[in-house]
Amino acid sequence: FKADISILNLKGQVVKSWYNTFIKQGNSIFYWDGKDNKGWDVSSGVYFWKVYTKENTFTAKILLLK
């Protein structure tokens, strides 16, 4: 199914986003290279990733360590 995925900082600002991404139902692996939408490295810290589908929205906390 299709989903929009966003990485947000602690202020709620979108750092990185992917639109109309295909995700398999069930467990999926998704990799983020630690870069923002402009291709710049982001700093280590706490971020949130949010998955938006037509039916649901899922949010989880992630920790980026470099």
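Strands β3 and β4 form a hairpin, with four residues between them. Strands here are DSSP runs of E with at least two residues, numbered from the N terminus. β3 covers residues 45-52 and β4 residues 57-64, and they pair in the antiparallel sense over eight bridges; pairing requires that DSSP finds at least two bridges between two strands.

A word on the model itself: it is predicted, so local features need pLDDT of at least 70 and side-chain atom pairs pLDDT 80 or more, while totals for chains, interfaces and linings use all residues. Residues are numbered from 1 along each chain as its sequence is written, and side-chain values use heavy atoms, leaving out hydrogens and water.

Now let's step back to the sheet. Four strands make an open, antiparallel sheet in the order β2-β1-β3-β4. β2 (14-22) and β4 stand at the edges, each with a single partner strand, so one side of each has no neighbour in the sheet. On the β2 side, six bridges join β1 to β2, and Ile5 stands opposite Trp18 in β2.

Ile5 also leads us to the largest pocket: among the 20 residues lining this pocket, Ile5, Ile23, Ser28, Trp49 and Val51 are the closest to its centre. A pocket is an open set of points on a 1 Å grid over the protein atoms alone where a 1.4 Å probe fits, with protein on both sides within 12 Å along at least five of seven lines; lining residues have an atom within 4 Å of a point. β1 (2-8), β3 and β4 each give two or more residues to the lining.
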